[in-house]
Amino acid sequence: DSDSVALRSPDGLVSLRDAEAAYQYMVSFHWAAAQIALGSIDSMPSNSLERWVFVCAMMCGFLFGSTLVSMLSAAMMDYQMLHKDTKDKLRRLRRYLRENEVESHLAMLVQKQVEQRLNKREMLGEGEVEALQLLAVSLRSQLRFEIQRSCLTSNAIFRLWTSIDIKWMQRTCLEAVSFVALRPHDELFNAGTRAVVAHVVVSGDMTYTQIPESAPVRAEETTKVTHEQWLCEAALWVEWTRVGKAEATMACSLLEVNAEAFFARTASDLAIRDIAVEYCAQFHRRVTAACPPHAPWPTDLFVPFTDYCDLVVSMSPEVQVAIGRNALSHLSISGGKAAKAVEKLSQEVEVSKSIVVVLGTGAIIRVVSLVVLRAEDERGRLFVEVGKWDGKRRKGTCQLPALKQEQDELVSETLERMFTKKLPFLKDKLTLSGFTRENIERMSSEYGVQSRYMRSICAARIIEGERVATPTCKYLVPEAAGLERDISQDIVDRGDSLREG
């Protein structure tokens, strides 16, 4: 075999070995590119080894070239098929608008919005992923729950049930919870429609609007709804008719909880059923009692006094103990003083003396609910409690009258009990104007956990011209024994100096 290759150059035929290095490189590059592109070359093999390399390189170039052409052809066909569907939809839309003689201004708005929505890529739904249907039910329920967990457990009752029985919660997510995707300006629901599902926002923002024609408002009211906020949660617990309209301001993703499927699932677990029945009963009582002056009207976003802590405070002792035990099981005890404090708290939970819950954020707190009366006269002077008498000695307090809320008791019922047992002389001399909620949290060294004092403050005004006949008691002044003085509760010109008891 020959071992030399002759090349044409400006100087005539020369051997490849005798050519310059730059020219040798260009010849080699030209030869390699020709094998891939199946183009012509001016250098031919001069021996058997070069011919074998030449043949192998041509076959590789043939395979590479055909594969590349096939891939490009398939991609172009996919692109055309994808846009063919979009073009067909737009063509049919234009034909529809033209045949119905829609005004050009409105037609342009319709076409613009349709084009924007067709060109925007949406999140895949579970039904669009066929491979998920191959999973076992147990694994699919675990996957669904893992995706939905953060939003669902932002609601304390769902966090509680997850802690009690995670398998039950996983199956509930599979059977009763689904995803809903909204585009900008899509309406989720309108006023006057019956709610059979509840929603919680996963991502995006929405607006909730009430108007005088469908809700007890004097003018149109708009509220922003953001991440992890619930809409129509009341539909899970009562027969609910919507009193407002919810609309997406941007692309939104929501979880939808079907009320019927959800309650069908609660019957499958006795512990969860007992809590759900109690929770439902207390929620229903607050919905039916929510009206001025005791509370504002309920909406699709908010029902007065249905916070998780409010409901637990009014539940039966058995359910309170079960919830308290679950909350205490999440406490990490390091020993020593902290262990003694938690032990004392645990003992009080067992006898329903203390209430402990886990919030939607995962925080563990002790809950105390107080109903406070803030009564003023026409001159703005406050009615305050200046002292207490236990039959033997007096104790200065200087605070607004307050009473601890008891089990199975609404805020309005606690207030009524305050008038009956503590302030009977005020009962018919006040005009109630409404309630406000004030929460105070502080670390309790006695129990080793955060304590939340929920104060439901009732604002009232003493009827003009009414005279409050307050009770009196006699006591002996220590520094002047034998002298008697009277002390009475009366309206005093002092600020609100309520001290937490």
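Lysine 89 is partly exposed, with a relative accessible area of 43%, where partly exposed lies between buried (under 20% relative accessible area) and exposed (over 50%), computed with a 1.4 Å probe and protein chains only. This is a predicted model, in which local features need pLDDT of at least 70 and side-chain atom pairs count only at pLDDT 80 or more, while totals for chains, interfaces and linings use all residues. Residues are numbered from 1 along each chain as its sequence is written, and side-chain values use heavy atoms, with hydrogens and water left out.

Side chains of opposite charge can pair when their charged atoms come close. The structure holds 24 salt bridges, a salt bridge being a side-chain nitrogen of Lys or Arg within 4 Å of a carboxyl oxygen of Asp or Glu. Three of them are listed here.

| Salt bridge | N to O distance |
|---|---|
| aspartate 85 and lysine 89 | 3.4 Å |
| arginine 95 and glutamate 99 | 2.8 Å |
| arginine 374 and glutamate 376 | 3.6 Å |

Salt bridges that share partners also join Lys84, Asp88 and Arg91 into one network. Aspartate 85 and lysine 89 are separated by about one helical turn because they lie four residues apart in helix H2 (residues 48-99), helices being DSSP runs of H or I with at least four residues, and strands runs of E with at least two, numbered from the N terminus. Arginine 95 and glutamate 99 are likewise four residues apart in helix H2; arginine 95 is partly exposed at 48% relative accessibility, whereas glutamate 99 is exposed at 53%.

A contrasting setting is that of glutamate 385, which belongs to strand E16 (residues 385-389) and is buried at 4% relative accessibility. Its side chain makes a polar contact of 3.4 Å with that of lysine 422, a polar contact being a pair of N or O atoms within 3.5 Å, of which, within protein, one must be able to donate a hydrogen and the other to accept it, and residues adjacent in sequence count only if both atoms are side-chain atoms.

For the chain as a whole, there are 12 helices and 23 strands, and buried residues make up 40% of the 501 residues. The average pLDDT (the predictor's confidence in each residue, from 0 to 100) is 82, and 85% of the residues score at least 70. Over residues 480-501, however, the pLDDT is below 50.

Notes. Contact means heavy atoms within 4.5 Å.
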